[in-house]
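Please look over the aromatic side chains in the model below. My comments are set out as numbered points.

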Amino acid sequence: MTAPPLPDWARTTIIGYSDRISVKAGERIDFKVSCEDDAPAFRAGILRVICGDHHPDGPGLKLEPVEVSMAGEYPACRQPIHAGSCVVVPGTPDLGALPGFTVLALIWPTLPDRGPQAILSQWLDETGCGFMLHIDTRGHLAATLGDGQGSCETVRSRHVLEPRTWYLVAATYDCTTNVIQLHKERLYAWPGALTRDCVTAVTSTPIGCPRVPMVIAGNCLSAEVPGQLIGAHFNGKIDSPRLAKCPLDRLEMNLMLREPLDAEIEHCVLAAWDFSRGIQSDSVTDISPNNHHGVTVNLPARAMTGHNWTGEIMDWQAAPEQYGAIHFHEDDLYDAGWATSFTLDVPVDLRSGIYAARVETQSGRDHIPFVVRPRSGRPTADVCFLFSSATYMAYANSHKNVDAPTGREFECGSMLELRTHDLFLNAHREYGYSTYDTHRDGSGVCYTSRLRPILDMRPDSHVGQDARWNFTADTHITDWLEVGDYTYDVITDEDLHDEGLALISPYRVLISGTHPEYTSLAMWRALSTYRDLGGRLMYLGGNGFYWRVAYHPDLPGVLEVRRAENGPRGWAAEPGEYYHSFTGEYGGLWRYLGRPPQALVGVGFSAAGFDVSSYYRRQPGSFDQRARFIFEGIGDEELIGDFGAAGGGAAGWEIDIHDDRLQAPPNTLVVASSENHSNAYVTTPEDPEGCFLPLDGVQDPKARADMVFFECPNGGAVFSTGSIAWGPALSYNGYNNNVSRITRNVLDRFLDPSSF
């Protein structure tokens, strides 16, 4: 993909990522850096991130240098990213020794006019050697043979392929007669639609032996790194690809598609790949006796409905034979695969917290964030801050700001401003997408990875209202903890998913970030058990614990989101594709999975708006004896948070409400509620009453934030603010304000070991 040039002022000239998002004191972390300019070297150092928001309405950017031995200069180079998914099959037979072959597959192309796109190939592009079944530049099915000596012939179908339509496609070759046949057949016939398109030709070109891997959904560009440099990526689904060592007729092709393989044809089959096996892995299984197994590259989407999906089964585990398709994309990306530029051996005495590797040249700078955890089994504080890495990954490299035709768009009443990294990502689509984006073929992005540069997870990376969002907004909380002289440890969502309750049980208080939207089942169980065993949970955000995610069981740094049923989202999963491929779990909103956010923290997502934020007013529950500690020093009629760096108030951006119908604990006290939100605040669509659009100044009563408190078994408790804007209001007026006072009141009481 050719990127348009960026203006000089918008260039990102140095960029990087780390192999880990979280590292314990005493462990090692590798950093991978690419320089887009011609700088011979770059400088690197380590900073502690106290506050990552440079905006003048907040506390300002606070990055403290850390003395480490690796600080210094390193050689610079440009490291490319090779996006696009495929299957690579090593050790395939030498086709040059065969009397002929048949290659076939069932395909569902999504961008057939975006050729060339290889379906199945053993082809070396740099020499024009081998064979390839593919889609040509005009959208025709084609088969190409090359001898590697300059002779190359292509046979094409008469008619183009239609998008999102299932076809059986095949090519046969008989080297004794030099006859090649191309077969394209629409699986579901309609009156007036062309069903079959077959072409026969005689070729004088023998098949060369490129000695490169066989590739499904692409072809090899270079013999130097076969299996890594892949081109002609296919867009769409491929089901049941097959390879035989002789030319077959149409009836024999049907026999070759059967599972188990038909005895009449098994002797002729070289490979029969069954994508319905190993769905949870990156392995591809050959069910023939030849064991030509493969591996996926860049995580194409699995657990996808196949050509034979009936619509009667929605769970791929119940009928895996109906989920024998893999959806490939030219812009899939899992691991950028860059070489390590430098390594940090984390000092054993380095305190837990959020850090960043600063890398810079004369023309550019980047900050690569990571978390330092305490050494194993050695918490250093009673307070633990949960770094919302799952949410950061879900939003990683979002293109929402750049895909509008004008470069700007309105969202919930706010004009979004283009940032430097927006322009860079727009020009470099190979850096991958967020789970709010769609692939080039319009299908939703359901996988996201941290093994690539994530440009919107950076301190000092935003301008405008987006500065108080996700990573930068969360650092307002860590800044407040630092200013308040609280000692705290930091862990990530990924740590919590991997280690569960044992990781957080030593801490008396667990504090969330401002937007912990994405949660795995393991995380949910750990948090609820922690709470019920006596832990104290402070949820200082909004739109939390909303979407279910799944982490890959084997591959590090990747998670999956299936946008099932409902909820505000940039795309919806296709029918039959609501179950995660990584775990087999049903995807979507936790509300539809029997675990609404209210059941965990007393409030759940209700409305969003991004023009201005509002304030809270005390409710009768705040005067209950149980909650008086929260409001010590706060007047009865005092408005809470009518200020802040996120829209001018502490209640805003995305807000949550208490709802008895959604399993909120019966002892929950609503102690304050926001009011007077603008008409830009729109309620969520999953509510039974539907999405209410405010008209004529009449605001939906569900467009509010509720602040709640409730006690839990064994002396535990939960305090929730229900607003993303709460954290960015903490530093107002030099931290001397009622938002900061309430937060301190709660944290001090939660640190008190006496039971509630």
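1. The structure is a predicted model. It holds 34 aromatic pairs, counted where ring centres lie within 6.5 Å.

2. Trp469 and Phe610 make an edge-to-face pair, with 5.6 Å from centre to centre and 65 degrees between the planes. Trp469 belongs to the loop between strand E31 (447-449) and helix H5 (471-483), while Phe610 belongs to strand E39 (residues 604-618), so this contact ties together parts 141 residues apart in sequence. Trp469 is buried at 8% relative accessibility, and Phe610 is buried too, at 6%.

3. How is the pair of Phe750 and Phe756 arranged? The ring centres are 5.7 Å apart and the planes stand at 80 degrees, so the pair is edge-to-face. Phe750 has 0% relative accessibility and counts as buried, because the limit for that class is under 20%. Phe756, at 30%, is partly exposed.

4. Ring pairs also build a cluster from Phe31, Phe42, Tyr74, Phe342, Tyr355 and Phe370.

5. Which charged residues sit over the rings of Trp108 and Trp547? Lys237 lies over the face of Trp108, 4.8 Å from the ring centre. For Trp547, the residue is Arg563, whose charged end is 4.6 Å from the centre of the ring.

Definitions and conventions: Residues are numbered from 1 along each chain as its sequence is written. This is a predicted model: local features need pLDDT of at least 70, side-chain atom pairs count only at pLDDT 80 or more; totals for chains, interfaces and linings use all residues. Side-chain values use heavy atoms; hydrogens and water are left out. Rings of Phe, Tyr and Trp (its six-membered ring) pair if their centres lie within 6.5 Å; planes under 30 degrees apart count as stacked, over 60 as edge-to-face and the rest as tilted. Helices (H or I, at least four residues) and strands (E, at least two) are DSSP runs, numbered from the N terminus. Buried means under 20% relative accessible area, exposed over 50%, partly exposed in between (1.4 Å probe, protein chains only). A charge sits over a ring if NZ of Lys or CZ of Arg is within 6 Å of the ring centre and within 35 degrees of the ring normal.
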